[in-house]
Amino acid sequence: VEIPIWYNGKIKWISNLTRRSTCEDVIKAILSSDGISSTENSFLFESWRGVERPLKLRCRLLKLWHSWAGEAANVTLT
């Protein structure tokens, strides 16, 4: 499963997620690919039909993504 995450105006496709992968893990991976080591004050947000909410750092991203099932096309992670 690949999950699209918007970062700096571009989509980054995140793969190799396990059921234990957290939002914090994904944030670290994205920022480290840009040479940034600190994840302080970094969050993932989920947007669905104009409603945006921050995700907890401990949120299991793959579980969240699967919970959207048919609505995944309407969900944006940033």
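A nonpolar patch on the surface of the predicted model is formed by Trp6, Ile11 and Trp13, which together have about 330 Å² of accessible area. Ile11 belongs to strand β2, which covers residues 10–14. The relative accessible area of Ile11 is 38%, so this residue counts as partly exposed. For the protein as a whole, the accessible surface comes to about 5400 Å², and carbon and sulfur atoms account for 51% of that area. Of the 78 residues in the protein, 35% are buried.

The secondary structure consists of two helices and five strands. Read from the N terminus, the order of the elements is β-β-α-β-β-α-β. The radius of gyration is 12 Å, close to the 12 Å given by the globule rule for 78 residues, and the protein is therefore as compact as a globular protein of that length. Along the principal axes, the C-alpha atoms fill a box of roughly 35 × 25 × 20 Å. Among contacts with a separation of 6 or more, 48% are between residues 24 or more positions apart.

One aromatic pair is present in the structure. The two partners are Trp48 and Trp68, with a distance of 5.6 Å from centre to centre. Their planes stand at 35° to each other, and the pair is classed as tilted. Trp48 is part of strand β3 (residues 45–48) and Trp68 is part of helix α2 (residues 61–68), so the pair ties together parts that are 20 residues apart in sequence. The two residues fall into separate classes of accessibility. Trp48 has a relative accessibility of 31% and counts as partly exposed. Trp68 counts as buried because its relative accessibility is 19%, and the limit for a buried residue is under 20%.

Side chains of opposite charge can pair when their charged atoms come close. Three salt bridges are found in this structure. In one of the three, Glu24 is joined to Arg58, with 3.6 Å between the closest N and O atoms. Glu24 lies in helix α1 (residues 23–33), while Arg58 lies in the loop between β4 (51–54) and α2; the pair therefore ties together parts that are 34 residues apart in sequence. Arg58 is exposed, since its relative accessible area is 61%.

Another salt bridge links Arg53 with Glu46, and here the closest N and O atoms are 2.3 Å apart. The partners again fall into separate classes. Glu46 has a relative accessibility of 4%, so it counts as buried. Arg53, with a relative accessible area of 43%, is partly exposed.

A further salt bridge is made by the side chains of Glu71 and Arg49, at 3.3 Å from N to O. Glu71 is located in the loop between α2 and β5 (75–77), and Arg49 in the loop between β3 and β4. This pair links distant parts of the chain, as the two residues are 22 residues apart. Glu71 has a relative accessible area of 25% and is therefore partly exposed. Arg49 reaches 59%, so it is exposed.

Note on methods
Residues numbered from 1 in each chain as written. Predicted model: local features only at pLDDT ≥ 70, side-chain atom pairs only at ≥ 80, totals over all residues. Heavy atoms only, no water. Patch = residues over 30% accessible without salt bridge, like charges linked within 9 Å, V, L, I, M, F, W, Y side chains within 5 Å. Areas by Shrake-Rupley, 256 points an atom, 1.4 Å probe, with all protein chains shown as cover. Salt bridge = Lys/Arg side-chain N within 4 Å of Asp/Glu carboxyl O. Helix = DSSP H or I, 4+ residues; strand = E, 2+ residues; numbered from the N terminus. Buried < 20%, exposed > 50% of the residue type's maximum accessible area, 1.4 Å probe, protein only. Phe/Tyr/Trp six-rings, centres within 6.5 Å; stacked < 30°, edge-to-face > 60°. Rg over C-alpha atoms; globule rule 2.2 N^0.38 Å. Contact = heavy atoms within 4.5 Å.
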